[in-house]
Amino acid sequence: MNLDRLLPNLGEWLRGIGPESDIVVSSRVRLARNLADMPFGNRANAEQKTETETRVRNAVATASLPYALEFVDVAKLTPIDRQFLVERQLMSRELASVLDGPRGVAFNETESVSVMVNEEDHLRLQVMRSGLALDEAWTEIDRLDDALEANLAFAFHDQFGYLTACPTNVGTGMRASVMLHLPALSLTKEIEKLFRSLQKINLVVRGLYGEGSRASGDLYQISNQVTLGKSESRVLQEIREVIAQIIQYERRARQLLLKERRQAEQDRVARAIGTLGSATMITSEETMELLSTVRLGIQLHLLDDLPPTTVNQLFIHTQAAHLQKLMGTPLDGEERNAARAKYLRNRLRELGSHQR
Amino acid sequence: MPDCQFCGDPATVHLTDIVNKKKREMHLCENCARRQNLLPDAPSPQLNLPALLQLLMNQFAPVPGGAETDEGDPTALTCPTCGLKYAQFRADGRLGCPEDYEVFYPVLVPILERVHRGLQHHGKVPHAVRQRRERDELDDLKGQLAEAVAAEDYEEAARLRDRIRGKETAE
């Protein structure tokens, strides 16, 4: 499959629509599943991994679903293509570059559904929705799980539920997460207090690219820690309640910013656009920070001729692998910074908004 | 008097422990108790507590296929199916196969309690398992029905028959 055809699309998670999309970027539910009669990934040999891959591929191909899932052999991809799929949130960094041997990912046309094979668990199912839509994501992944189970026997234990390679996932195998853009809470430093209280109620806060990654561009993923002892619906309900509260806090912080320092915010947004539109070297990190400011500016109507989806496009296109695909050539770090700056200058000139 | 669970001789050492409100008993003869290091060699009123705990863990943790234990040390557990050793699990926190949840049951329980504050799955169950459970329940009810009929407890039999019919039509 030529992955380049995905380039012009934003993918489900950056569509920029859906409930509460001024704050909630996307909702994601994932399920960990394992075949009953196979060793888990870390103790499976190449032959067993190949068999797992074959069985899952067949199950995916014959699953009765309203969409088609196309399988990509990750072992055969170039490093840039692997990174590209990580940036599009279709697979994990582990599957891309930490793990080796037979492994793959199947996903649908709209990039809302993906199935990783031979990750830490034999199967990692994922459903994405833009905006706050955990229930829809759950309904979809529940159906996907049923469809795959029709052709595969999953490891299940009467006491412990779905068995997983890591005991932290056993039970439902479900991790539900919501990606939030929280620039105002970050700015007012209230965010650390918020995160400490979330940890106390067993919710996990992570950066953009999951485990161990830092929060870039004020984007945070909030997800459940507990998978054993609470049903899927109860976990989803708990997350929903917490997210509703965080949304309220962020909205209040945004209103306060407008009330108390509108001029300063206006200036910050204008400078962000200015830097993005005139820099000749820019890192991905700085780009994400500036785009975060621009995104806030759009939401606060301090800037109105730039649609939020454009920010999403600039965001994804300036990631390392996307950038190299757009330029059509591999680039080292310095070259990427120059190429990124050039891409941003050109795009913003086209949009005509850098003159503001 | 019960017989020793290990050799069948009359048991003189009786152990009872209560975990999660479930009472569990073990009976051993003196020789076997000594072999399990429960009783010290020199006469002493002290029981060997670590050995006692180990014996109880191994005895009661469901271990199909039998985990190989080395001198009763829980850290010497090895999975007979995938070969995972306890030390390897400790090192990277990953289990090797579904069987490990039984093999390492005694060491997993405290970990699961700490991480999840729960030990019993609630939520989705695979279709295949749900069907099996329903079949088992139906078989169980049918067994009870046969017993009730044999005992000429027709009131109970009628009640059971209704429940069976209800389940069969629901399927």
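Let me start with what covers helix 4 of chain A. Its buried residues are covered by elements including strand 1, helix 1 (46–62), strand 4 (113–117), strand 5 (123–130), strand 8 and helix 7 (232–278) of chain A. Keep in mind that this is a predicted model.

Which residues of helix 4 of chain A are buried? They are L134(A), A137(A), W138(A), E140(A), I141(A), L144(A), D145(A) and L148(A). Around the axis they cover an arc of only 170°, which puts them on the same side of helix 4 of chain A.

Now the length of that helix. Helix 4 of chain A has 16 residues, 134–149. At 1.5 Å a residue, they should span 22 Å. The end C-alpha atoms are 22 Å apart, which agrees.

On to strand 8 of chain A, one of the elements covering that buried side. Strand 8 of chain A covers residues 174–181. How many of its eight residues are buried? Eight of the eight, so the strand is largely enclosed by the rest of the structure.

Look at the two faces. M174(A), A176(A), V178(A) and L180(A) point one way from strand 8 of chain A. R175(A), S177(A), M179(A) and H181(A) point the other way. All of them are buried.

Next, the partners of strand 8 of chain A. Strand 1 of chain A, residues 24–33, runs antiparallel to strand 8, and seven bridges join the two. Within this pairing, L31(A) has M174(A) as its bridge partner. Strand 10 of chain A, residues 219–224, is also antiparallel to strand 8, with five bridges between them. There, L180(A) stands opposite Y220(A) of strand 10. Both M174(A) and L180(A) belong to the set that points one way from the strand.

Over to chain B. Chain B has seven helices and four strands. Along the sequence, the pattern reads β-β-α-α-β-β-α-α-α-α-α. Chain B has 171 residues, and 18% of them are buried. Take the contacts in chain B with a separation of 6 or more: 23% of these are between residues 24 or more positions apart.

Last, the contact between the chains. Chain A puts in 29 residues and chain B puts in 26 residues. What is the class make-up of the side of chain A that touches chain B? That side has 14 nonpolar, 11 polar and four charged residues.

Methods: Residues numbered from 1 in each chain as written. Chains lettered and ligands numbered in written order. Predicted model: local features only at pLDDT ≥ 70, side-chain atom pairs only at ≥ 80, totals over all residues. Contact = placed C-beta atoms within 7 Å. Nonpolar A, V, L, I, M, F, W, Y, C, P; charged D, E, K, R; others polar. Buried ≥ 20, exposed ≤ 12 C-beta atoms within 10 Å, placed from the backbone. Pairing = 2+ DSSP bridges. Expected span 1.5 Å × (residues − 1). Arc of directions from axis to C-beta.
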